[in-house]
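Hello,

Please find the structure below, with my notes after it. Have a look at the model before you read on.

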Amino acid sequence: MGEFAVIDLTDDPGLIETSGTVSVPPAMMGGMPSERLAHRPLVGRRDELTRLAAMVGISGGEHETAVLLSGDAGVGKTRMLRELREQARATGFRVVIGHCLDFGESALPYLAFTEIFGRLAAHSPGEADTLVERHPALRKLMWTNRTAADAELPDGSRIDRGELFEAVRSALSRMSDDTPLLVLIEDVHWADQSTRDLLSYLFARRISGRVAIVASYRSDDLHRRHPLRAVVAEWSRLPGVARLMLPPLGESDVRALVRSLHPAPLPEA
């Protein structure tokens with residue numbers, strides 16, 4: 001195969017390591033300006049946010065290898081990750097973000113990790129070059145070098161999937177040498193098989209250093225035959241992998257949320 005086609009997301013501020021939003025789904029946000037969304041108060045999720053922050057080690061102590069953050073569409077997973085990112089940055093964490101996108105049967109392999117390492121190459125080229133020099137398989141994940149798994153590297157060697165998986169694990173470990181690293185992977189229900197396999201590898205083989213991964217997915221999308229359903233069950237049995245499910249907001253919290261979004265008087269109905 002030749003090179004994969006890649007959608008260039010470099011202008012999306014949500015992909016920058018330490019700034020911007022995690023994601024803003026326009027259809028769910030109703031066209032509301034992102035600035036207003038970013039400053040509205042967090043409603044009804046303080047307990048879950050505190051628990052999630054503890055799971056990834058933001059409040060100190062031991063941390064999980066990974067946290068699986070689940071909930072129905074629109075329940076507030078993205079907002080939770082935005083708040084978590086801000087807390088992590090405030091306590092000295094380095095934060096990197098990758099998204100899985102809905103391309104149906106033609107989902108691009110490793111897209112979330114291409115975003116992470118592609119963004120690293122764009123903003124810290126020296127660090128990216130050092131990582132690629134140590135782990136040549138990472139070339140596969142750079143935006144300008146998306147190649148098939150059996151493609152040749154410049155030295156004539158070929159990329160092995162096991163080499164790629166170990167390269168990612170080692171690279172994430174090295175990225176946490178100076179500061180703890182938080183990896184956020186959104187919308188794993190849209191992940192392709194290759195991404196699911198890579199996550200399985202990272203969860204099963206604990207990454208050395210202070211690295212935590214939070215992977216979010218829509219629980220209401222996991223119908224009986226969804227490929228992620230069985231994988232999540234396997235991940236949950238691994239040591240160091242925890243689950244956190246966001247239930248719907250209670251009635252009082254929904255009212256508070258509506259008032260924060262629409263402060264003008266509203267009929268009780």
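Tyr110 is buried, at 3% relative accessibility; buried means under 20% relative accessible area, exposed over 50%, and partly exposed in between (1.4 Å probe, protein chains only). This is a predicted model: local features need pLDDT of at least 70, side-chain atom pairs count only at pLDDT 80 or more, and totals for chains, interfaces and linings use all residues. Residues are numbered from 1 along each chain as its sequence is written, and side-chain values use heavy atoms, with hydrogens and water left out.

Tyr110 sits in the loop between strand 2 (94-99) and helix 5 (111-123). Helices (H or I, at least four residues) and strands (E, at least two) are DSSP runs, numbered from the N terminus. The phi of Tyr110 is near 60°, a positive value in a residue other than glycine. Most residues other than glycine have a negative phi. Asp187 also has a phi near 60°. Its loop runs between strand 3 (181-186) and helix 8 (193-204). Asp187 is buried, with a relative accessible area of 14%.

**Cores**

A nonpolar core here is a set of buried Ala, Val, Leu, Ile, Met, Phe, Trp, Tyr and Cys residues joined through side-chain atoms within 4.5 Å. The largest one has 45 residues. Phe113, Phe117, Val168, Ile185 and Trp235 have the most contacts inside it. Elements that give two or more residues to this core include strand 1 (66-71), helix 6 (125-134), strand 4 (211-218) and helix 9 (227-236). Helix 7 gives the largest share, 7 residues. A second, separate core has 24 residues, including Ala53, Leu69, Leu84 and Leu182.

What does Phe117 contact, leaving aside its neighbours within four places in sequence? The partners are Leu138, Leu141, Met142, Val168, Ala171, Leu172 and Met175. Contact means heavy atoms within 4.5 Å.

**Strand 2**

Strand 2 is largely enclosed by the rest of the structure, because 6 of its 6 residues are buried. Arg94, Val96 and Gly98 point one way from the strand; Val95, Ile97 and His99 point the other way. Strand 2 pairs with strand 3 in the parallel sense, over 6 bridges. Two strands pair if DSSP finds at least two bridges between them. Val95 stands opposite Leu182 in strand 3.

**Salt bridges**

How many salt bridges are there? The count is 7, taking a side-chain nitrogen of Lys or Arg within 4 Å of a carboxyl oxygen of Asp or Glu.

- Arg161 and Asp197 meet at 2.7 Å, N to O. Arg161 lies in helix 7 and Asp197 in helix 8, so the pair ties together parts that are 36 residues apart in sequence. Arg161 is partly exposed, at 41% relative accessibility.
- Arg169 bridges to Glu166, with the closest N and O atoms 3.0 Å apart. Both lie in helix 7, 3 residues apart, which means a separation of about one helical turn. Arg169 is buried at 15%, whereas Glu166 is partly exposed at 24%.
- Arg205 also meets Glu166, at 3.3 Å, N to O. Arg205 lies in the loop between helix 8 and strand 4, so this pair ties together parts that are 39 residues apart in sequence. Arg205 is partly exposed, at 40% relative accessibility.
- Arg85, Glu86 and Arg89 are linked in a network of salt bridges.

Best wishes
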